[in-house]
Amino acid sequence: VRRSRTTERRFVSDAAVPLIAFLSDYGYGDEFVGVCHAVIARRCPRARVIDITHGVRRHDVIGGSLALCAAIPYMSASVLLAVVDPGVGGARRAVALRCAQGASLVGPDNGLLAAATHALGGVQEAVEISRSAERLQPVSATFHGRDVFAPVAAALADGAALRELGEPLDARTLVALELPRALVLDGRLRAHALTVDAFGNIALDATLEDALAAGLTEGGGCMLVRGDVRHPSRFVRTFSDVADGELLLYLDANERLAVALNGGSAAARLACSPGEELAIERSA
Amino acid sequence: VRRSRTTERRFVSDAAVPLIAFLSDYGYGDEFVGVCHAVIARRCPRARVIDITHGVRRHDVIGGSLALCAAIPYMSASVLLAVVDPGVGGARRAVALRCAQGASLVGPDNGLLAAATHALGGVQEAVEISRSAERLQPVSATFHGRDVFAPVAAALADGAALRELGEPLDARTLVALELPRALVLDGRLRAHALTVDAFGNIALDATLEDALAAGLTEGGGCMLVRGDVRHPSRFVRTFSDVADGELLLYLDANERLAVALNGGSAAARLACSPGEELAIERSA
Amino acid sequence: VRRSRTTERRFVSDAAVPLIAFLSDYGYGDEFVGVCHAVIARRCPRARVIDITHGVRRHDVIGGSLALCAAIPYMSASVLLAVVDPGVGGARRAVALRCAQGASLVGPDNGLLAAATHALGGVQEAVEISRSAERLQPVSATFHGRDVFAPVAAALADGAALRELGEPLDARTLVALELPRALVLDGRLRAHALTVDAFGNIALDATLEDALAAGLTEGGGCMLVRGDVRHPSRFVRTFSDVADGELLLYLDANERLAVALNGGSAAARLACSPGEELAIERSA
């Protein structure tokens with residue numbers, strides 16, 4: 001029974017127990033996530049909710065987008081509900097999207113959903129839901145997770161047709177996500193930190209191909225250059241391939257090039273945060 | 001299908017899948033929440049638990065009470081389990097309450113449940129559960145969430161009658177919650193911070209009526225006065241109605257007057273914590 | 001209906017809704033926990049997952065082990081999935097174990113599971129699962145929770161036989177956990193901090209018997225000695241047995257000797273972290 005994650009991307013809408021995956025930057029200190037769960041449970045009691053995470057950094061649309069994409073290959077959810085929404089109550093649209101692979105996405109139209117729609121085969125149908133018949137009235141100006149997004153996601157899980165949940169919109173007008181992009185110049189890989197996880201591991205906007213193009217070899221030495229400081233490291237498979245307290249370059253679980261510190265935090269050692277540049281050179 | 005949150009307060013006790021809403025200050029770093037879930041699953045395997053939040057500040061009875069009340073209008077849970085319990089093991093009573101709207105509340109009798117009982121139409125029946133037949137013995141002195149409250153909540157979800165879960169008590173003797181109360185004096189609104197959420201938004205003990213009584217107008221300017229420092233602001237609808245980095249006064253999603261900083265933390269800017277005073281004046 | 005926690009240790013494998021208990025040090029800021037939930041939901045959609053906690057301190061195998069053991073007496077889960085795995089991708093084995101009381105354990109073979117297996121009556125059958133047919137391929141080097149442990153746990157919940165999930169291994173070769181051990185010398189109890197919870201309460205590697213052996217009496221005075229500093233305290237039942245701001249020695253909810261500060265953090269007051277020594281003497 002070989003279970004490749006690539007071949008098993010299924011988004012089956014199980015009518016008996018529909019699955020909603022939920023991600024936000026609401027955090028765990030307030031009742032926001034619990035209230036959205038309650039709203040879903042009332043609109044579609046048989047739905048099951050999997051929380052991808054609610055620990056996305058406040059208003060970090062890129063971070064939320066990447067966490068969503070990291071989960072998608074493993075999700076059989078028929079509805080993905082994602083809320084990182086600094087523009088709530090303002091001019092940004094609220095949308096629900098049906099993708100080629102059968103899954104639906106619900107969230108703000110601020111780029112958060114863009115990469116996920118690509119991973120799901122592209123948008124087939126899109127509606128604007130700010131005035132959806134499913135919304136909870138009066139709609140607050142600051143908590144559309146509760147009043148707009150959760151009710152629409154629950155309605156989709158309950159089998160409602162997308163077209164009945166809002167006004168049609170042209171999918172080509174959806175907001176795109178601008179991500180940094182690594183490049184190789186003169187044998188040097190100029191990458192950027194995309195995310196830093198709780199362990200201090202830094203995921204870069206670069207792939208194995210980029211590393212090879214910069215002349216790096218698996219098992220070989222490399223230099224991590226952060227501003228004026230050069231940190232010697234090695235391009236290896238996993239943490240324990242270097243000594244405790246040493247930096248490593250590796251392919252992370254999402255097949256991104258990444259930097260870690262065995263037994264510590266690479267982000268602290270390199271003073272590197274999401275969005276910042278990190279260059280990598282081959283060394284002896 | 002108009003779904004007003006006001007008209008749909010239902011607390012249906014679904015016999016097939018009873019719903020328990022759970023709130024505490026146990027945090028996420030320890031096994032306390034998971035152990036309570038396990039206790040519930042063993043006593044009433046078919047119950048479903050929605051976690052409102054477990055991130056209430058340690059021993060913050062007011063904060064827990066407000067989070068509970070913020071969730072209630074959206075909850076169809078038949079049982080609400082709330083544990084913020086600095087007096088655990090001491091003289092405070094442990095109680096289970098049945099409210100007019102059909103929901104039951106379980107928790108310590110320290111004021112935590114008081115506002116929720118009002119929101120649910122008042123207490124119809126109350127029992128003291130410290131020596132409930134449902135408790136897990138030996139009862140520890142410091143973890144009544146596990147040994148007393150979770151088992152009783154699960155028994156209620158399972159259909160047990162309240163009167164069989166403890167000793168009757170007079171609901172008029174239940175501990176009340178003392179909340180600060182804003183007042184308008186000489187055209188100045190003297191309010192207090194009730195809660196600060198993870199975004200740094202400050203909810204005040206004041207309503208739209210208070211703001212109007214102080215002469216504020218929607219869209220108009222105001223001055224936020226914190227100690228000796230005066231912060232210019234505006235009374236608007238949502239974050240993006242002011243420029244990035246500016247303070248706003250608005251009605252939050254629970255219809256409380258609140259202060260936020262677009263793109264930042266108002267609590268940090270104003271150096272304002274729960275319980276502290278914040279005055280608001282009309283300005284040009 | 002007397003429900004002793006001792007007599008009700010049941011690990012019933014409910015075929016309709018199998019229960020998986022899940023603990024890790026993945027934290028809540030990333031998508032790791034949600035992805036594991038998704039993997040489980042896809043392999044065994046009818047399984048229910050109870051999260052014991054994912055807030056174990058990074059790489060704290062002892063802390064994870066103790067949290068797991070604190071939950072076990074209350075769990076009816078048929079599968080326990082535990083991942084605190086600093087050696088992921090390296091030489092450490094990945095294992096699934098069937099215990100005498102019927103429950104199965106899945107996780108890294110680094111000592112994390114050792115105390116739990118004792119609590120569950122010892123290991124009856126053990127397999128190495130790094131190359132399990134259930135694993136998700138390609139297996140990443142750094143996220144075996146997703147690629148190895150969660151799929152195997154889900155397969156067990158689904159009724160798979162342990163022997164079909166990996167290669168047999170000799171349970172006597174499983175890695176043991178080295179815990180500190182309190183001792184009483186010249187009437188002085190030399191204990192160590194095992195864990196510090198979110199309230200700042202310090203659980204020690206000592207029991208009631210140790211306290212009595214050191215001459216302590218319930219209700220009597222004691223001296224907590226941390227380095228050169230002596231902190232007067234009392235051996236009491238619960239927090240409110242001492243004045244606000246005072247230290248207490250007590251038996252915690254897991255029947256360990258513990259130190260707390262009524263209304264504050266004992267760990268902060270005593271500057272005491274897990275693994276560090278704390279001596280206790282009788283006083284007048």
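Contact, in these legends, means that heavy atoms lie within 4.5 Å of each other. The structure is a predicted model, in which local features need pLDDT of at least 70 and side-chain atom pairs count only at pLDDT 80 or more, whereas totals for chains, interfaces and linings use all residues. Residues are numbered from 1 along each chain as its sequence is written, chains are lettered from A and ligands numbered from 1 in the order in which they are written, and side-chain values use heavy atoms, with hydrogens and water left out.

**View 1. The interface of chain A and chain C.** In this view, 43 residues of chain A are in contact with 35 residues of chain C. The size of an interface is often given as the accessible area lost when the parts come together. Buried area is taken here as the accessible area (1.4 Å probe) that two parts lose on being put together, summed over both, and between chain A and chain C this area is about 3,100 Å², with carbon and sulfur atoms giving 52% of it. The interface has 0 salt bridges, a salt bridge being a side-chain nitrogen of Lys or Arg within 4 Å of a carboxyl oxygen of Asp or Glu. The rule does find 13 residue pairs in polar contact across the interface of chain A and chain C, both residues being at pLDDT 80 or more. A polar contact is a pair of N or O atoms within 3.5 Å; within protein, one must be able to donate a hydrogen and the other to accept it, and residues adjacent in sequence count only if both atoms are side-chain atoms.

**View 2. The side of chain A that touches chain C.** At least two residues of this side come from each of β1 (3-4), β3 (48-53) and α2 (61-71) of chain A, where helices (H or I, at least four residues) and strands (E, at least two) are DSSP runs, numbered from the N terminus. The largest share, 5 residues, is supplied by β3(A). By class, the side of chain A that touches chain C holds 19 nonpolar, 12 polar and 12 charged residues; Ala, Val, Leu, Ile, Met, Phe, Trp, Tyr, Cys and Pro count as nonpolar, Asp, Glu, Lys and Arg as charged, and the others, Gly among them, as polar.

**View 3. The axis that relates chain A and chain C.** The copies use different surfaces, for 2% of the contact residues of chain A recur in chain C.

**View 4. The interface of chain C and chain B.** Here the contact takes 43 residues from chain C and 35 residues from chain B. The area buried between chain C and chain B is about 3,000 Å², and carbon and sulfur atoms give 52% of it. The count of salt bridges between chain C and chain B is 0, while 12 residue pairs are in polar contact (both at pLDDT 80 or more). On the side of chain C that touches chain B, β1 (3-4), β3 (48-53) and α2 (61-71) of chain C are the elements that give two or more residues, and β3(C) gives the most, with 5 residues.

View 5. C272(C) sits in the loop between α6 (266-270) and β17 (277-282) of chain C. This residue counts as buried, because its relative accessibility is 3%; buried means under 20% relative accessible area, exposed over 50%, and partly exposed in between (1.4 Å probe, protein chains only). Leaving aside neighbours within four places in sequence, C272(C) is in contact with A193(C), V196(C), I202(C), R226(C) and A267(C). The C-alpha atoms of C272(C) and A193(C) are separated by 7.3 Å, although the two residues are 79 residues apart along the chain.

View 6. Side chains of opposite charge can pair when their charged atoms come close. E277(A) and R190(A) meet in a salt bridge (3.4 Å, N to O), which links strand β17 and strand β11 of chain A across 87 residues. In chain B, D85(B) and R92(B) form a salt bridge (2.7 Å, N to O), and both of these residues are buried.
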